[in-house]
Amino acid sequence: MRAEAGGGLGVPGLSEGPVGVTQASASPGRGTGPTLAVLLGLSLSHLLNDLVQSLLPAIYPLLKESFRLDFGQIGLITFVFQGTASLLQPAVGLYTDRRPLPYSLASGMGLSLAGLALLSIAPVYGALLAAAALIGLGSAIFHPEASRVARLASGGRYGLAQSVFQVGGNAGTALGPLLAAFVVVPHGQGSVAWFCFAALAGILVLSAVGRWYARQLATAPRGTRKGSGAAAGPLSRVRIVATVAILLGLIFSKYFYMASFSSYYTFYLIHRFGVPVALAQVYLFVFLGAVAAGTILGGPIGDRFGRKLVIWISILGVLPFSLVLPHVSLAWTVVLSVPIGLILASAMPAILVYAQDLLPGRIGLVGGLFFGFAFGMGGLGAALLGEVADHVGIERVYELCAFLPALGLLAVFLPRLR
């Protein structure tokens with residue numbers, strides 16, 4: 001790459017030389033460094049995208065009261081949102097492996113904007129489900145291609161690039177409940193419309209990222225624009241499939257447990273400790289802020305010490321804290337939520353880059369499959385845990401979920417790729 005004034009996203013001095021799609025499958029360390037303007041643009045747009053998405057679960061207490069919903073209906077909203085994203089993301093990723101769509105990023109954000117607008121005026125429960133589906137569709141389009149562009153702009157530092165990209169999403173997820181507490185809760189459902197400006201800002205940023213991506217595609221050799229589909233190393237096809245299954249099992253444990261926090265942590269705090277709704281949202285922000293911090297650590301540590309080590313520690317390391325959490329006071333609940341979020345979140349960048357190294361010619365498919373599966377497990381977890389909460393109580397949910405991080409033991413079966 002070469003430095004050009006005004007290159008990239010209009011930030012002087014940042015690199016924007018010809019970069020083929022083959023850089024996405026290059027070995028670590030290859031290239032001249034990350035294209036920071038693009039990575040920061042992706043991170044900012046991810047923040048705005050997930051901020052929009054996080055408003056939905058953040059206002060569940062408000063919707064539960066306004067529409068007189070039970071926990072099962074709350075879980076169904078999350079299932080529709082995350083289920084839509086889960087089913088479509090692998091298909092989007094597979095398609096864009098063959099036909100990259102630089103401006104699909106901005107169009108995906110446009111669908112999320114439409115869902116947000118509908119959410120602000122939804123008069124009946126069915127409209128809430130439709131809004132959730134639109135937001136999920138926008139997410140399905142955004143994540144696979146954005147993950148590919150992050151790897152393309154990484155300069156060989158794949159873990160760092162994924163962490164920068166993903167920390168924006170986690171920061172947006174953390175900000176959603178906080179803004180909901182101070183904006184939506186006091187002013188009601190209609191105030192959700194104010195956040196359409198965040199989606200509009202995301203469209204502008206992603207349009208700039210799309211232009212950069214289009215230029216990279218235009219300058220790449222014709223034969224390098226599609227993934228080759230080759231697998232990394234000497235692993236057999238059976239071993240590769242088994243490894244992907246293990247990674248998905250780890251995603252299951254992470255996001256099923258995360259669903260207990262993202263969808264029901266506020267209810268848990270309100271029901272068990274009598275915390276006011278606004279304060280419960282602040283405590284959720286504390287947990288999600290720890291998640292954001294953990295995300296930015298996972299990728300660089302994986303670049304330095306290996307992905308397998310990070311994956312191993314980031315899932316199983318949560319177990320002592322998750323087992324204690326259901327049996328402590330409010331103060332200790334808030335304290336324990338920090339290491340839980342911090343450690344658990346470090347897994348995703350390492351898992352994603354590990355899978356991309358495993359299947360270097362299928363970057364979009366990997367992004368779509370893993371982000372989609374994560375969304376699906378979050379949605380399924382929310383739906384099932386909602387039913388459990390209706391039948392045995394919200395406290396019991398956290399006692400049962402406490403054992404999920406034990407599935408981190410599966411990491412022992414992962415092959416060492418490098």
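**Entry 1: a serine in helix 4**

I started with Ser 112, which sits in helix 4, the stretch covering residues 104-121. A reminder to myself: this is a predicted model.

Is Ser 112 buried or exposed? Its relative accessibility comes out at 0%, so I put Ser 112 down as buried, the cut-off for that being under 20%.

Next I looked up what surrounds it. Setting aside neighbours within four places in sequence, I found Ser 112 in contact with Asn 49, Val 52, Leu 134, Ile 135, Gly 138 and Ser 139.

**Entry 2: helix 5 against helix 7**

I then turned to helix 5 (residues 125-152) and how it packs on helix 7 (residues 196-219). The angle is about 55° and the axes are 11 Å apart. Because of that angle, I call helix 5 oblique to helix 7. The crossing of the two is left-handed.

Which residues meet there? From helix 5 I noted Phe 142, Glu 145, Arg 148, Val 149 and Leu 152; across from them, helix 7 brings Leu 206, Val 209, Trp 212, Tyr 213 and Gln 216. Sorted by class, this contact has seven nonpolar residues, two charged and one polar.

**Entry 3: the core**

Last, I checked the largest nonpolar core, which has 113 residues. The members touching the most others are Ile 77, Tyr 257, Tyr 264, Tyr 265, Ile 311, Phe 370 and Tyr 398. Helix 5 turns up again here: its twelve residues are the largest share of this core.

Not counting residues up to four places away in sequence, Tyr 398 touches Ser 260, Phe 261, Tyr 264, Tyr 265, Tyr 268, Leu 325 and Pro 326.

Note on methods: Residues are numbered from 1 along each chain as its sequence is written. This is a predicted model: local features need pLDDT of at least 70, side-chain atom pairs count only at pLDDT 80 or more; totals for chains, interfaces and linings use all residues. Side-chain values use heavy atoms; hydrogens and water are left out. Axes are lines fitted to C-alpha atoms, for helices over the stretch in contact, and angles run from 0 to 180 degrees between N-to-C directions. Helices (H or I, at least four residues) and strands (E, at least two) are DSSP runs, numbered from the N terminus. Angles under 35 degrees count as roughly parallel, over 145 as roughly antiparallel, 65 to 115 as roughly perpendicular and the rest as oblique. A crossing is left-handed if the near helix is turned anticlockwise from the far one by less than a right angle, and right-handed if clockwise. Contact means heavy atoms within 4.5 Å. Ala, Val, Leu, Ile, Met, Phe, Trp, Tyr, Cys and Pro count as nonpolar, Asp, Glu, Lys and Arg as charged, and the others, Gly among them, as polar. A nonpolar core is a set of buried Ala, Val, Leu, Ile, Met, Phe, Trp, Tyr and Cys residues joined through side-chain atoms within 4.5 Å. Buried means under 20% relative accessible area, exposed over 50%, partly exposed in between (1.4 Å probe, protein chains only).
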